[in-house]
Structure formats: C-alpha cells, structure tokens
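Here is a short briefing on backbone geometry and helix packing. Please look at the model first.

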Amino acid sequence: MPVFFIRDGMKFPDMVHAFKPSPKTNMQENWRIVDFFSHHPESLHMFTFLFDDVGIPLNYRHMDGFGVNTYTLISRDGKAHLVKFHWKPTCGVKCLLDDEAVTVGGTCHTHATKDLTDSIAAGNYPEWKLFIQTIDADHEDKFDFDPLDVTKTWPEDIIPLQPVGRMVLNKNIDNFFAENEQLAFCPAITVPGIHYSDDKLLQTRIFSYADTQRHRLGPNYLMLPVNAPKCAHHNNHHDGLMNFMHRDEEVNYFPSRFDPTRHAEQYPIPPRVLSGCREKLVH
C-alpha cells in the first residue's frame, strides 16, 4: 500500500493494540479495529486501498512495493530533494477477490512463498523496476497537501515517476533462519546521499525499528552476516551479547592519538529552517 493508517508515530502502540486479539477473549475482534480508526479519519485513505480489489495480492511476484515514508536525496553540493520510492513488478499487478483468497489461502497458507520459490528455481526470475518521485525541498509548502504526510499519496500527474533502477531475485536462500528470519530491516540505516525527512512517522520508525531488532536479535544484530555491511566499515562497538567479532585493539573511542581512524568523508545535510509553533494535541 502506498499510504499508512496514521501519520503520527505516537499513535502506533494503540493502533497495534487495536489490531491484536482482545486481552479478554484472545480473539481478534473487528469492532476493536473499527472503533479505534473511527477516531482517526486520516486512516480512511488506507482503508480504501485495503478493501479495494488491490487489497489482497495474488502473490509476491505480482505486487507493488512502496517506501511509504518520505526521505531526502542530497547531492554532493548539498542540494536536497524530498523523495518517495516505488517498486513496480515487471510481470504486472494481480490480486485476489475475497472468495478466491479463501480458496487459495485455505488450500495452501504458504502459497505466495511457494510461488516465489518455485519461480526462482525454474529460472523465471521476478523483477521489479525502481521509480522515484522527487520534490525540491524548497517547494515543500507549495502544494495543497503535506508531502510529509504518510496518509497521502503524491499525485503522479504533477510529480511523475522517474525510473532509476531494478531488482531481480535470481537465487533462493539456502537457510531460512540464517538468511531470512534474522534479517533486520530498519529505516534508520541509510547510505550517503539518502537522509531522513521531517515525516513524523519516519522519525518514530528511525529508532523504534532498531529497538525492535535489539530486542529480537540482540544488541549486535548488525554483526550477523545477513545484516553486516558488505563494504569496508569501522565502529567502536565492543562487547555485548552475541558479539562474535575478534577485536584486539585497546582504543575503542574516537578521536584518539593512538588510533589512525579519521573522520569519514563529509556529506552535507542542509539545515532545516523552522518557524511558527508546533503543538501536540491529546484527545
């Protein structure tokens, strides 16, 4: 889905509680979900997608992927553009109607995983095209919608999709637990040239996802081979549970006259100019 239910991360825990089974009966109750979101009209956009014909994908190969949150692209000279990421499957989007989903899901509850695995094994590699939408950061306030609001989409007629790359899945994993279950996705991990924005939900996810991974996998989850950087890197992370990296240096701080490590190359991050007041309304 290109949008989300809520725009403020403060509401995230309560949203999860509404989705989870009742603490009294341990059953998921639809009235709890509807009750919560009836107090958050911004969720209506997400519900129109959820209950539309695109709400139930046929499988992983025939579904779109969306970054949802707004990030920032920064050039080497410091010019910033707000950006949204979109993945489009080259084999097209296909979905299931409710009665079809009952039949398919009831026959094989792992049908989407099976379809993806079988397709890759047969050499029918699934492919997605990567598109971006960009807005000059200086023009953020010139639209009749908030570009940082995750409950809104950016109109493609005025902010067109631009093709920038592709992704092809051409190999099945060998060990599900090591290569899939231990994956630790986190929107806080970015590369030079991509930075965060003032998207309120993104600001929450930056730290909450990392907290989740530390709770789920341990403080050194980024040392696991499936999560570790593939490029040369250096940090001063020592000790902690499940730390399996041998490090014999005595200096684990920066800066130091005993450590040849130097400052990394600087990538300019434009400062935000803020004005007015920001309030927190609690209902």
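Where is the place of proline 255? Proline 255 sits in the segment after helix H7 (200–217). This is a predicted model: local features need pLDDT of at least 70, side-chain atom pairs count only at pLDDT 80 or more, and totals for chains, interfaces and linings use all residues. Residues are numbered from 1 along each chain as its sequence is written, and side-chain values use heavy atoms, with hydrogens and water left out.

**Backbone geometry**
- Most residues other than glycine have a negative phi, and most peptide bonds are trans.
- Phenylalanine 254 and proline 255 are joined by a cis peptide bond, with omega about 0°.
- Valine 68 is not a glycine, yet has a positive phi of about 65°.
- Valine 68 belongs to the loop between strand S1 (65–66) and strand S2 (71–74). Strands are DSSP runs (E, at least two residues), and helices are DSSP runs (H or I, at least four), numbered from the N terminus.
- Aspartate 239, in the segment after H7, has a positive phi near 65°.
- Aspartate 239 is exposed (over 50%), at 61% relative accessibility.

**Helix packing**
- The axes (lines fitted to C-alpha atoms, for helices over the stretch in contact) of H1 (residues 12–19) and H2 (residues 30–37) come within 8 Å and cross at roughly 155°.
- H1 is therefore roughly antiparallel to H2; the cut-off is over 145 degrees between N-to-C directions, on a range from 0 to 180.
- Contact (heavy atoms within 4.5 Å) involves Asp14, Met15, His17, Ala18 and Phe19 of H1 and Arg32, Ile33, Phe36 and Phe37 of H2.

Conventions
Parallel < 35°, antiparallel > 145°, perpendicular 65-115°, else oblique. Buried < 20%, exposed > 50% of the residue type's maximum accessible area, 1.4 Å probe, protein only.
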